[in-house]
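Some labels in a structure description rest on a cut-off.

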Amino acid sequence: MGDEESDDGHRLGNYLRARRELVSPAQVGLPTGGRRRVPGLRREEVALLAGISPDYYLRLERGRDKNPSPQVLESLARVLQLDDIERAYLLDLAAARPRAPRRKRSEHVPARVYELLAHLQIPAFVEGRAFDVLASNPMALALSPRLRPGQNRLRSLLLDPEEQAFHQDWTKATADFIATLRTTIGDDIDNPRFVELVGELALSSQRFRTLWARHDVRSLDGGTTTVHHPVVGDLRLHRDKLPIGDVILVVYYPDKDSDSDEKLRLLAALAHTGTTADHTPAGRPDASSDRPTRSKS
């Protein structure tokens, strides 16, 4: 993720600068007239509103002071209008943590989760921390072939035209996914999988580069989304994410007896008649192996 991202002081400074540029003078009660050379607030304006000296704030943005007090951070969070998740992220950036070198390790899907996937009659799949699909059931594949093990959901969302058409609000989906990835990475910035994925998407997607530079952070847990299936049309589905060990079980389901419920039952019937031929949870290990098939992404 680059040398700047690997240094705690630079990470804190980059975050402060990115958030400062997103706050307008009007949002904090400052006059909006006059010519401004920078987007958002000036450094000296942030310092004034936070009750610290401009020189000290400059040192924070330039990574020269890596251990500001909690009181300073709380003041900056208030000025930058951070929500609870963003505020916690700011506090974590300033917390000194020695980091041991990371090794790339496989994310393991417990055998019982394959049994669970086989019994669920709604779209369900298992993903890793970087949105790698590790296992999925037939209904997930009927919903989207991009939910097959070996796929990466964020890569598909940014680079696959079919996945882009699948999401009713692609703009919001990309913003949510990228902000969630930054939250998930946290201080695990030298994790090889994260480095690999961020590097790939930074090279291949302008949308990723733009949003990554904003330093948005958020949690993508439960929620409701609308997707467009090429066969059954629009589906309004709820999403829940359930941590299981070091992986996450994701399930999608409609309101009972809704139009989307009827369409999902139709999708299940089509899958049973051959649209989705494989009714074994994808990614399930062979009998000769105790290891699940993993994403190659």
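Predicted model: local features only at pLDDT ≥ 70, side-chain atom pairs only at ≥ 80, totals over all residues.

Q: Why is Phe131 called buried?
A: Buried means under 20% relative accessible area. Phe131 has 2% relative accessibility, so Phe131 counts as buried.

Q: What makes the phi of Phe131 worth noting, and where is Phe131 found?
A: Most residues other than glycine have a negative phi. The phi of Phe131 is positive, near 70°, and Phe131 is not a glycine. Phe131 sits in the loop between strand 1 (124-127) and strand 2 (133-136).

Q: How do you know whether His215 is buried or exposed?
A: The cut-offs are under 20% relative accessible area for buried and over 50% for exposed. His215 has a relative accessible area of 7%, so His215 is buried.

Q: What is the phi of His215, and which loop holds His215?
A: His215 has a positive phi of about 60°, although His215 is not a glycine. The loop in question runs between helix 13 (206-214) and strand 3 (223-229).

Q: How many helices and strands does the protein have?
A: The protein has 14 helices and five strands. Of its 297 residues, 47% are buried.

Q: What share of contacts in the protein joins residues at least 24 apart in sequence?
A: Contact means heavy atoms within 4.5 Å. Among contacts between residues at least 6 apart in sequence, 58% join residues at least 24 apart.

Methods
Residues numbered from 1 in each chain as written. Heavy atoms only, no water. Helix = DSSP H or I, 4+ residues; strand = E, 2+ residues; numbered from the N terminus. Buried < 20%, exposed > 50% of the residue type's maximum accessible area, 1.4 Å probe, protein only.
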